[in-house]
Amino acid sequence: MSRKPTQGSGGQANNSAGIYCFMDIVAKQAEEYAADHTSPMSSLLEEVEHFTLTRTPYPSMLTGRVEGRFLQLAVQLSSAKHVVEIGTFTGYSALAMAEVLPHDGKILTIEHNSHHAKIAQNFFDRSSRGFKITLCIGEALEILKTLPDARTDLVFIDADKRNYSAYYRESMRILRNGGLILADNVLWYGRIFDPKDDDSQAMADFNELVKADDRAEKLFLTIRDGIYLIRKRVSVE
Ligand SMILES: C[S@@+](CC[C@H](N)C(=O)[O-])C[C@H]1O[C@@H](n2cnc3c(N)ncnc32)[C@H](O)[C@@H]1O
């Protein structure tokens, strides 16, 4: 399993503000200010966050309040109904999106680690919106390949970095025209500027792949560890 690098020298947890600072490229003060000026999440999501920060060894894998709100707004503003998430972890981002999807909306979230999946499913079962979430346990790329063309409204890519480019290709296939991809960690802690390991090189390659793809409109956002917001063009030539 590919994990996010351990926290940098500026890293520290701040549970009360609902964020986890672990980078040096976005100032900790700015991260805290952004979280403080972002609407709080539901009590169940705060519980997922607290559980993840205190009971798992990889708290920095959690998206948290600012990115969670961003995902919710992306779902709401795009009127998405069919969402695919690659990388469930403890279920925070899937649950955040489920909370704002319409009643007949659906999320398929994919996780290959059965321990993570069990934690997430327990939280989904406790949510009144959990019925919208289907948790699929397995290798994300294999599962993506079974999904039909052009039926998905939004894909959130947040799993192993070496497969990001392959996830992107499959995501473009399953997305309807005008659909959105949100790819997390595209700054990869600043390591994309001078890649020295396979994950960093994979993220740098992914960013170039997206940049060069004429089928998409893209916006590289410096929120948290970087989010690439990509829209499949309505008319693809
Ligand atoms: C960064 S975490 C996801 C965080 C989650 N989206 C959230 O916001 O709380 C990445 C997850 O992807 C899972 N994962 C990594 N490689 C995978 C793969 N090849 N197939 C499926 N899941 C994978 C990991 O086990 C981990 O739980």
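Predicted model: local features only at pLDDT ≥ 70, side-chain atom pairs only at ≥ 80, totals over all residues.
Local features require pLDDT of at least 70 and side-chain atom pairs count only at pLDDT 80 or more, while totals for chains, interfaces and linings use all residues. Residues are numbered from 1 along each chain as its sequence is written.

Helices (H or I, at least four residues) and strands (E, at least two) are DSSP runs, numbered from the N terminus. Strand 3 (82–86) pairs with strand 4 (106–111) in the parallel sense over five bridges; pairing requires that DSSP finds at least two bridges between two strands. In this pair, His82 stands opposite Lys106. Strand 4 also pairs in the parallel sense with strand 5 (residues 133–137), over five bridges, and Ile110 stands opposite Cys136.

Strand 3, helix 4 and strand 4 form a right-handed β-α-β unit, as do strand 4, helix 5 (residues 114–126) and strand 5. A crossover is right-handed if, with the strands pointing away from the viewer, the path from the first strand over the helix to the second runs clockwise.

Helix 4 (residues 92–100) is largely enclosed by the rest of the structure, because seven of its nine residues are buried (20 or more other C-beta atoms within 10 Å of the residue's own, C-beta atoms being placed from the backbone). The buried residues are Tyr92, Ser93, Ala94, Leu95, Ala96, Met97 and Ala98.

The ligand is surrounded by 22 residues, the closest being Thr63, Gly87, Phe89, Ser93 and Asp160 (C-beta atom, placed from the backbone, within 6 Å). Helix 4 and strand 4 are the elements that give two or more residues to this shell.

Key. Contact = placed C-beta atoms within 7 Å. Buried ≥ 20, exposed ≤ 12 C-beta atoms within 10 Å, placed from the backbone.
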